[in-house]
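User: I would like to learn how to read the main features of a structural model, one at a time. Please give the general idea in each instance and then the case at hand.

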Amino acid sequence: MTRECAVLLPGVCAALANPRQPGLDDTCLEKLLDWFRSLTWFDPTVELLQDNPCLTELITSVLALPEPSPSILSFALQLAGILASSESRFQHLQQEKLLGRLFGPEGPRGSAAWEDASVRSAWVKGVHSMVHHQPALHFLCSTGGMDVIFALQGDSSLFVASAASQLLVHMLTFSLESEPSKPLSTKDCDWPACAQMIIKHIEESLQSSSASHIEQSLKLLTSLFGSCFGSCYATWTEVLWLNIAKQIESFLLEEAVQAQPVLANLLLNVARSPVFCGTEGSFWALVTSALEHLTPVQAGPLAVGLLKLCKCPQDVRIQALTVLLQPMDCILRAASQPLEYAGLLDESVSDPVTVESLLSSKTSCAGLLCQTLTHLEKLLSLKHLRVDLPCVSLLRSLMTILQFCNGFLSPTSPLGSTISRNLINCFRVQKSALDVLAALSEKKGCDTLIGSLFDVLLAYLQSPNTSPTVLKKTFQATSKWLVHLQELSCSNSQWQQMEKILEDVFLVLQKRLCSPCWEVRDSSLEFLTAMVKCLRDQKEFGQCLLSSEVLRLTENLLEDPESYVRASAVTALGHLAFITCFASASPVTDNQYDKENMIAKLQEILSTDSEGFPRRAVISIFTKWLREGCIGQLEDTEQFVSRVIQTVEHDLDWEVRLGGLELVEVFCSQTICQLSQCPYAPVSSAVTNSVPQNELLQVFCRAKLFGFLFRSLCDCDKPVGQRACDVLIGLRGHFYPMSTLENPQEIEDSPAGRGIACLQRTLRQGSLAQNFPTDGGDGVDFQDPESMMLALGAIDLLELHDELNKSSDHVEESPQSLLQDILATVGTIEDNEVDCY
């Protein structure tokens, strides 16, 4: 603790203990507790209490109050727990007889204050902080604290109940850690005292007739096996599991038990423990039983979790996959009668009638399918799935679901008709199915269904009943499958099929670009951009695009009333330019699509659009063009960059200004590569004054880069200043080896040196700078290569970099500032002493 804080602390403690003072907000108290946590974390000695007796006086004063406010009592409980986290300070507080009055029977747990959930929560947090040594554990066990914690597991406040459960996990783990007795065998074991109390409580609760007690203990076990306990204490884990396994099995078989939903999480956490990695033993038989007896909704999370495990036995893994595929299999079988195609499964894990009844119910059908589809999407995203997915049948099932949802399939079976009615216009299921459909595009073996698949996708794209959110998902799935189709076309000469699909897609796109709904227009432009990114090098794609009206309609949307749409139109046209303007043999001859016109059009948007989104899109596209070398010769690029940065420098949107700096960074990198023979080698002093270096400086000065970069250092938005500083440091690294930096004292006598010294002083003021040095006169000539060379070498850019990277609260949120603010809030210091933030 600093001397300044030690001086302020007694006043703060006195103010907190004074019932007549106005209460502080919880944020201040939490910050104060955080400070004490950091102090005690690094220093376990008792000196903190001996040097600052005001801390124990504060706790004593709060306990002496007849009716302390819940907030100050909560603060005292948590503070005492933090202070008692080391054994020496614990003993000191015991000698003061404070811990019993806070955490013992005579404390708040027997008073009216206990009715407040914040007090109960603080009691649990205080105990959790304190239990980091044996005396604290013994104190709690001997004063009835364990019974209080057991009771709080079922607290009406979910926060308190959760905290109590976490505390028990911590206490059991710490008990084993601090009393390292080992079980003689899995049958004959001797748990440490505190651990014994917790285990006994769990076993008694599991055997009780109270559903809530059973559920609390199952949740506690789930947390326990999910913590480091299951990984670090293998033998104890096995002992505990063997004690409860029979009871868990009985819960699976008793349908009346309400705790079944918790069992899936418990079994999954146990399965993750290294103890049960092998294929032997009864545990995996219990898991198999769970997959059979839990409902499909309860078994789904267990199944997908098992499939992610590396060491799950293969037969259990296959059974878990079967659980996930059962609803999809049911859909496929219900779609046609007699069955036209083979289903997904040869046999089911549980009774198929259960899944059929859930899908037949209007209330459960969508929920089961959405859960199943979410799990399947997770599996498809895994790089190494240790079971084979039947992708063709799965794709057919997805197409069936989508056709049920839009009413394009009329099944003949009674079950199919019921499911179809349940799913009609169900947006949730449509979105989930389209996500899985998109993920399947990266799997092999689905090529035979591509024609039928695009029929389904086009039906969604064309239908006026498709909602905007579903349409967006359909566009995303379509673009992924178009890429897959393009890969097939390259190898299998299927260009005819590709061209026909593209023609149909562009016809739909033309219609959607004219939609009265702005979300649809926006999604359509995003889809167009995604297609161009992937297919722009394919000649046939370009021909289909240019024979449609898409290009003209996209250009019209640059004037859309909705700024999001204008931004998406800018992005789409920016990518289309690789086909219309920048291709070596561009098929477009219309002058309005030549490079100069396109640049002029976007520059006008950059300088005139009233909203930030389109302007951000323009600067992003300009940077992309520059990065891909599309602007032209160096002279053209120099003029282009100069015009752009003069526009963005005064933009009110900081992201546009930041984009301008990214553009400058790309330009600098490319220009250095063009004019330097070896751009990545360190620059020697002999090369510093060479022709390429001078030419580089002249290019950067003519483009007016330095004025933009140095002014950006004083930008009121910190990310802009940070990026500008990074660019300048990079440039200095190119022009100067570290040993040849200019000496500011030596250059200050020259006119240019005086201007640079003035610039350095201005830069130190940062965003508070009022008068930035101007070109010429007594200021700095930002277009003079010699002056800029001196500026790069003399200005302490690393110091500026450190200042810009400091958190804005590095002063305001210091402990000293916090203590001053508390004192100011309660009115014990003058207004001008407070450091408000």
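Analyst: We may begin with burial. A residue is called buried when its relative accessible area is under 20%, exposed when it is over 50%, and partly exposed in between. In this predicted model, Ser523 has a relative accessible area of 6%, so it is buried. Ser523 belongs to helix H28, which covers residues 518-535.

User: Which residues does Ser523 touch, not counting residues up to four places away in sequence?

Analyst: With those neighbours set aside, Ser523 touches Lys472 and Phe475.

User: What share of the chain is buried, and how many helices and strands does the chain have?

Analyst: Buried residues account for 53% of the 837 residues in the chain. The secondary structure consists of 44 helices and zero strands. As for contacts between residues at least 6 apart in sequence, 70% of them join residues at least 24 apart.

User: Is H24 largely enclosed by the rest of the structure or largely open?

Analyst: H24 is largely enclosed by the rest of the structure, because ten of its 14 residues are buried. Among the buried residues are Val429, Gln430, Ser432 and Ala433, and also Leu437 and Leu440.

User: How is the packing of two helices described?

Analyst: Two packed helices are described by the angle between their axes and by the distance between the axes. Here, the axes of helix H32 (residues 595-608) and helix H33 (residues 612-627) come within 8 Å and cross at roughly 145 degrees. The crossing of H32 and H33 is left-handed. On the H32 side, the contact is made by Met598, Ile599, Leu602, Gln603, Ile605 and Leu606; H33 contributes Pro614, Arg615, Val618, Ile621, Phe622 and Trp625. The residues of this contact of H32 with H33 comprise ten nonpolar, one polar and one charged.

User: Which parts of the chain does the salt bridge of Asp435 with Lys473 link?

Analyst: Asp435 and Lys473 form a salt bridge whose closest N and O atoms are 3.0 Å apart. The pair links distant parts of the chain, with Asp435 in helix H24 and Lys473 in helix H26 (residues 468-492), 38 residues apart. Lys473 is partly exposed, its relative accessible area being 22%.

User: Where do Glu662 and Arg627 lie?

Analyst: Glu662 and Arg627 form a salt bridge, with the closest N and O atoms 3.3 Å apart. Glu662 lies in helix H35 (residues 654-675) and Arg627 in helix H33, so the pair ties together parts that are 35 residues apart in sequence. Glu662 is partly exposed at a relative accessible area of 29%, and Arg627 is partly exposed at 49%. Elsewhere, salt bridges with shared partners join Arg536, Asp537, Lys624 and Glu628 into one network.

Definitions and conventions:
Residues are numbered from 1 along each chain as its sequence is written. This is a predicted model: local features need pLDDT of at least 70, side-chain atom pairs count only at pLDDT 80 or more; totals for chains, interfaces and linings use all residues. Side-chain values use heavy atoms; hydrogens and water are left out. Buried means under 20% relative accessible area, exposed over 50%, partly exposed in between (1.4 Å probe, protein chains only). Helices (H or I, at least four residues) and strands (E, at least two) are DSSP runs, numbered from the N terminus. Axes are lines fitted to C-alpha atoms, for helices over the stretch in contact, and angles run from 0 to 180 degrees between N-to-C directions. A crossing is left-handed if the near helix is turned anticlockwise from the far one by less than a right angle, and right-handed if clockwise. Contact means heavy atoms within 4.5 Å. Ala, Val, Leu, Ile, Met, Phe, Trp, Tyr, Cys and Pro count as nonpolar, Asp, Glu, Lys and Arg as charged, and the others, Gly among them, as polar. A salt bridge is a side-chain nitrogen of Lys or Arg within 4 Å of a carboxyl oxygen of Asp or Glu.
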